[in-house]
Amino acid sequence: AGSLQSPKAAVLGGFVATLLPGALQKGGNEVASKLVLKAAAAPAAADGLKALLLSGLVKQGEISPELSPALSEALVKLLGNSATSSQALPLIAKWDRTGSMAEKVKAQVTKMVSQLKDRKGSMEERQAAAKALAAVGNQEALSAAISILGNSEEPDALQSSVITSLSEAGKIEQAAGIFGKLKPSLRTLAFDEILKRPEASL
């Protein structure tokens, strides 16, 4: 966690990504909580590393610490940072087992849906929104992602990102129903991802 304060934080991403799974395996929820607290307190220069850490935490299915007041405050701060909001959102949705932050999640999902659908926005922003919405996985979030796949006017790069994001989030079966509407160039990618999950049938 000390690397978040390093002036070389931006170039430490690969190193931290390699160490993160092992650290979480040993320390579990306690380590996850400390990482989030450190990330929220770290300077803006470390935003890239913060996003990487949060993305790593999202992928850890067994990690789900109790939301203490301090941890909740840290997550809200990260949610309010445009550089980390798309990574903080699915963490809050996953870790908030009591629903104490449900309104914040709802508001951010609505914001991410708008960001995903905004054709004037950058591709990077729209792809980040797709990844966040797939990871949240509620009805509003998934419906927005699927609507992108069903629109032939959306760019291939964004649609590919949606497919990959759904697969990473374990939600690729959501795309099975519109497989026939996908552009031919995307069907192979979708088919390959669907085959990785036996429960997703065409």
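I began with Phe179, which is buried, with a relative accessible area of 18%. I kept in mind that this is a predicted model. The cut-off for buried is under 20%, so I could file Phe179 under that heading.

I then asked how many aromatic pairs the structure holds. I found 1. Phe179 and Phe191 form that pair, and its geometry is tilted, with 6.3 Å centre to centre and 55 degrees between the planes. Phe179 sits in the loop between α8 (156–168) and α9 (184–195), while Phe191 belongs to helix α9, so the pair ties together parts that are 12 residues apart in sequence.

Which residues have the most contacts inside the largest nonpolar core? I noted Val36, Trp95, Leu149 and Leu166, in a core of 54 residues. I followed up on Leu149 and left aside its neighbours within four places in sequence. Leu149 is in contact with Gln159, Val162, Ile163, Leu166, Ala175, Ile178 and Leu182.

I compared the length of α2 (residues 47–58) with expectation: at 1.5 Å a residue, its 12 residues should span 16 Å, and the end C-alpha atoms are 16 Å apart, which agrees. Is α2 largely enclosed or open? I counted 9 of its 12 residues as buried, so the rest of the structure largely encloses α2. Among the buried ones I wrote down Asp47, Lys50, Leu53, Leu54 and Leu57.

Notes:
Residues numbered from 1 in each chain as written. Predicted model: local features only at pLDDT ≥ 70, side-chain atom pairs only at ≥ 80, totals over all residues. Heavy atoms only, no water. Helix = DSSP H or I, 4+ residues; strand = E, 2+ residues; numbered from the N terminus. Expected span 1.5 Å × (residues − 1). Buried < 20%, exposed > 50% of the residue type's maximum accessible area, 1.4 Å probe, protein only. Phe/Tyr/Trp six-rings, centres within 6.5 Å; stacked < 30°, edge-to-face > 60°. Core = buried A, V, L, I, M, F, W, Y, C linked by side-chain atoms within 4.5 Å. Contact = heavy atoms within 4.5 Å.
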